[in-house]
Amino acid sequence: MIRHYRASDKKHLIKLLELNSPSCFHPSEKADFSQYLDNETEQYYVYLNEQEILGCGGINFGFDQGRTARFSWDMVHPSFQGKHIGSQLVNHRISHLKTNTAIEYVVVRTTQMAYKFYLKFGFKLENIEKNYWETGFDLYYLVLKIK
């Protein structure tokens, strides 16, 4: 089941980030993620299986005069990666964005560890910036045209 994020989910999501560090996130990103959850979520979703949060991911708006949305802070519990949870979260958000007549593009800013996952959905790699997030964590900037 996918539902909207609740403040009571925060401790579980911080744990998900910790479980994905340093394989996908630099440990220093924990403070940024906490700040995001407290102040910057616009539409953020969690994936639940029998009340356990196994994945999450968000959407932020207001880019490129409102024509572009950005996926934010996507992650899946390491023990459940490869079981289509991440795909369900991506498809859920893309379907939702397609109902918004103003949104033409979706952007993902990720790392070299995760960018190939988004290629499967039609995202195109547009730019790479070395050591953007932290040393050894490069920015991979991908774009998907939805309209």
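**Figure 1. Burial and overall form of the predicted chain.** Of the 147 residues in the chain, 44% count as buried, where buried means under 20% relative accessible area, exposed over 50% and partly exposed in between, with a 1.4 Å probe and protein chains only. This is a predicted model, in which local features need pLDDT of at least 70, side-chain atom pairs count only at pLDDT 80 or more, and totals for chains, interfaces and linings use all residues. Residues are numbered from 1 along each chain as its sequence is written, and side-chain values use heavy atoms, with hydrogens and water left out. The C-alpha trace spans about 35 × 35 × 30 Å along its principal axes.

Figure 2. Ser21 and Pro22 are joined by a cis peptide bond with omega of about 0 degrees. Pro22 lies in the loop between helix H1 (10-19) and helix H2 (29-39); helices (H or I, at least four residues) and strands (E, at least two) are DSSP runs, numbered from the N terminus.

**Figure 3. Glu50 in the loop between two strands.** Glu50, although not a glycine, has a positive phi of about 50 degrees, and its place is in the loop between strand E2 (43-49) and strand E3 (52-63). With a relative accessible area of 74%, Glu50 is exposed.

**Figure 4. Asn131 within a strand.** Asn131 belongs to strand E6 (residues 124-134) and, although it is not a glycine, has a positive phi of about 55 degrees. Its relative accessibility is 43%, so Asn131 counts as partly exposed. Most residues other than glycine have a negative phi, and most peptide bonds are trans.
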